[in-house]
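Student: Please pick one part of this protein and take me through it closely. Which surroundings should I look at as we go?

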Amino acid sequence: MRTVGGVVRVLVEFLVLWGLSALALIVLDRILGGITLDQSSFTPLPTLPAALALALVFGLLNAALWPVIMRCMSWIGPVLLFVGVFLAGGVIMLLTVYLVPVASADQLRDAFFLAALLSLFTSVLSGAIASRSDTAYRLMQVRRQRFRLRRNSALVDASPGLLCIQIDGLGYDVLRRAIADGVTPGLAKLVRETHRLVPWHTDWSSQTGATQLGVLHGSNHNVPAFRWYDKTTGRISVFSNPADNEQRELERTDIPGLLAHDGASRGNLFTGGANDNVLVVSRMRGARLGGGAGYSDYFADPASALRTFIRMFAELQRELRQSLRQKRKDIQPRVPRGGVYPFVRAFATVLATDVAAAAVVGDLIKGRSVVYVDLIGYDEVSHHSGISRPETLAVLTKLDDVIEMLLAVVQQADRPYRVVVLSDHGQSQGATFQQRYGETLGQLVVRLAAQREPAAVKRHWYERESDVSRQPGAEGRGYAAASVHSPTAGEETHTSAGEPIVLGSGNLGLVYFPHLPGRADVNAIEAAHPGLLTGLREHPGIGFLLVAAPGGSVVLGSHGQVDVTTGEVTGENPLAVMGPDALAKVRRTDTFDNVADIMVGGAYWPDTDEVAAFEAQVGSHGGMGGPQSTPFLIYPADLPAPPDPLHGAEAVHQVLVGWRDLSTKPHAAVTKQDSTTRAETL
């Protein structure tokens with residue numbers, strides 16, 4: 001009876017959608033002059049029969065031809081894909097008009113507009129029809145995935161799968177406040193009823209590249225920052241470069257990835273060993289310009305394409321309005337939010353989220369053993385708006401809605417799942433280094449290093465200043481750039497004699513001297529650039545420096561230093577405000593092959609809980625100081641508790657591997673009939 005009821009419900013919804021689409025065509029026929037519906041004198045609405053025929057054929061052609069068209073268009077990137085979606089809809093409408101003799105097209109332009117408006121209407125209408133059961137989006141995605149799968153297997157794996165949802169950049173303390181203030185009701189319910197919330201502690205490099213490499217591939221050794229310089233190759237490696245990320249994976253092939261067995265990677269920097277990847281940067285390369293990034297599967301449904309397009313447009317105007325509000329009210333600190341950033345925000349908060357979430361819906365319906373998805377919207381907006389300002393928390397609320405939707409899909413999947421929600425790092429807020437001191441870190445280093453250089457050399461260095469403030473650092477911008485074009489190699493850097501290379505990741509700075517062989521120590525740096533180290537360590541915006549020394553590396557502060565090997569402190573400890581694990585983090589980074597000649601730890605002011613980023617970001621991460629180093633982990637209460645405290649991404653990898661293996665150990669299979677109850681709620 002339930003099965004018959006489900007068929008009847010689908011049939012009724014089809015008839016309602018068909019009839020209302022026909023009425024929409026009648027209205028559009030009056031508005032658009034280029035499409036003419038034949039009239040009949042036998043009905044109160046003379047154009048109704050023609051509209052019904054046109055709506056039916058257009059819908060059937062959409063269902064039959066759209067997946068083929070999208071597969072052909074998968075060779076273009078997401079920007080051109082939106083144009084292709086519009087053109088493809090118009091072509092289908094023209095074909096419909098040609099096949100159905102009850103309509104004619106006088107103006108080609110109106111045929112394209114008619115297709116777009118009709119698809120938009122049916123998308124909204126489908127959502128309205130489905131809204132009575134949880135969320136329209138979830139139901140449309142689940143139904144579409146079930147229709148595509150057409151699974152013939154009589155058995156469904158009964159062992160619990162593992163779903164890991166990463167909220168990029170959300171700190172432990174920010175989440176606790178959000179739960180208390182009702183910003184994230186879905187996560188609040190999860191924590192209060194079935195899960196536990198605990199903090200964990202990042203490595204010194206508190207950014208997505210280091211964390212995901214450690215969590216997904218089990219090792220983030222030799223990763224000092226979001227970008228770094230390799231003296232042996234003369235190249236800058238950066239985690240937004242697909243070729244660099246692919247190389248990081250190849251270096252770790254001896255370690256089984258978290259997703260190596262029947263896993264799926266969604267919206268991440270790395271595959272984690274998965275063969276099925278959507279929006280994964282390490283796979284966004286080659287001639288297809290993003291075609292292999294997973295867009296085509298999502299946009300195979302024209303309703304999805306139009307839904308995402310409309311929401312991206314709304315996000316663009318929302319960003320422009322909020323940016324103007326910050327300027328009008330003179331909210332501080334703030335950074336410029338023009339240029340391409342509004343489009344990057346729309347990509348991160350809408351397109352990337354929609355595509356990744358839809359892919360996860362498919363994974364849950366398929367019964368994947370382990371899935372890891374990264375939701376990057378909060379991180380991108382907090383970089384420019386602040387870590388807990390109203391517009392940022394509004395984005396967090398939307399991500400909470402996405403998580404609630406995925407949790408609802410879990411309840412309807414044939415396979416049970418254990419759900420883990422975590423973040424890769426937090427963010428610390430504050431005015432930037434340049435805003436506070438009138439120059440960037442790169443300009444400061446060049447000024448100090450060139451004190452004894454000829455005027456011509458000084459001028460040349462300033463003109464060629466290689467500073468991160470001119471480079472995009474947020475992950476969302478990197479995802480968007482990698483999705484549109486596919487660089488195949490790292491950035492090669494050519495410098496003149498003595499010219500330093502200065503890079504940064506939040507309030508972590510890296511200074512390299514390509515003309516000094518190997519890792520330069522204190523004596524070599526002082527001989528080449530007298531006074532540089534003293535000028536840096538005494539600067540109020542710099543908390544400490546890590547440099548090599550003849551007897552072992554040292555941490556230098558304005559009024560003291562620490563021996564990295566022994567931990568012996570002379571004078572005041574420059575790491576005292578950075579947390580009890582600061583020396584352990586520094587000590588680990590000191591062993592990396594590509595550690596910078598000077599590792600610069602930006603200042604942290606505990607009284608205001610602020611840092612001064614070396615990038616143009618209000619909320620930043622990458623170094624130490626404040627909430628950036630303390631992300632969170634939410635896990636089911638029936639799983640073994642992680643170590644307390646939990647330090648480092650590699651340790652998180654071990655915890656997740658343990659939970660994955662516990663979840664996916666062999667169990668008795670159940671038949672599809674046993675899972676009918678959950679499926680019938682569709």
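Tutor: Glu-249 lies in helix 9, residues 242-250. Helices here are DSSP runs of H or I with at least four residues, strands are runs of E with at least two, and both are numbered from the N terminus. The model is predicted: local features need pLDDT of at least 70, side-chain atom pairs count only at pLDDT 80 or more, and totals for chains, interfaces and linings use all residues. Numbering starts from 1 along each chain as its sequence is written, and side-chain values use heavy atoms, leaving out hydrogens and water.

Is Glu-249 buried or exposed? Its relative accessible area is 8%, so Glu-249 is buried. The cut-offs are under 20% for buried, over 50% for exposed and partly exposed in between, with a 1.4 Å probe and protein chains only. What does Glu-249 touch? Setting aside neighbours within four places in sequence, Glu-249 is in contact with His-217, Phe-270, Thr-271, Ser-282 and Arg-283. Contact means heavy atoms within 4.5 Å.

Now turn to strand 8, residues 263-266. Both of its faces are covered. Gly-263 and Ser-265 are buried on one side, Ala-264 and Arg-266 on the other. Strand 8 runs parallel to strand 10 (residues 370-375), joined by 4 bridges. Two strands pair if DSSP finds at least two bridges between them. Strand 9 (residues 276-278) also runs parallel to strand 8, with 3 bridges. Follow Arg-266: Val-373 stands opposite in strand 10, and Val-278 is the bridge partner in strand 9.

Next comes the whole sheet. Strands of a sheet pair through backbone hydrogen bonds, either parallel or antiparallel. This open sheet has 7 strands in the order 5-24-11-4-10-8-9, with mixed pairing. Strand 5 (195-199) and strand 9 are at the edges; each has a single partner strand, so one side of each has no neighbour in the sheet. On average, neighbouring strands are turned by 15 degrees against each other, direction ignored. Within the sheet, strand 11 (residues 417-422) and strand 24 (residues 632-636) pair in the antiparallel sense over 2 bridges. There, Val-421 stands opposite Ile-634 of strand 24.

Helices pack on this sheet too. Helix 6 (residues 172-180) lies across strand 5 and strand 24, at about 140 degrees to strand 5. Helix 14 (residues 390-412) touches strand 4 (161-167), strand 10 and strand 11, and its direction makes about 175 degrees with that of strand 4. Axes are lines fitted to C-alpha atoms, for helices over the stretch in contact, and angles run from 0 to 180 degrees between N-to-C directions.

Helix 14 has a helical partner as well. Helix 13 (residues 377-385) packs against helix 14 at an angle of about 180 degrees, with axes 9 Å apart. The two helices are therefore roughly antiparallel; the label covers angles over 145 degrees, while under 35 is roughly parallel, 65 to 115 roughly perpendicular and the rest oblique. Helix 13 contributes Gly-377, Tyr-378, Val-381, Ser-382 and Ser-385 to the contact, and helix 14 contributes Glu-391, Thr-392, Val-395, Leu-396 and Leu-399.

Move on to helix 22, residues 649-663, and find Val-652. Its relative accessibility is 2%, so Val-652 counts as buried. Gly-214 is 438 residues away along the chain, yet its C-alpha atom is 7.9 Å from that of Val-652. Not counting residues up to four places away in sequence, Val-652 touches Trp-200, Val-215, Leu-422 and Leu-646.

Last, the nonpolar cores. A nonpolar core is a set of buried Ala, Val, Leu, Ile, Met, Phe, Trp, Tyr and Cys residues joined through side-chain atoms within 4.5 Å. The largest has 72 residues, and Tyr-372, Val-420, Val-586, Leu-656 and Trp-659 touch the most other members. Helix 12 (residues 341-366) supplies the largest share of this core, 9 residues. Apart from that core lies another, of 41 residues, including Ala-264. Ala-264 brings us back to strand 8, where it is one of the buried residues.
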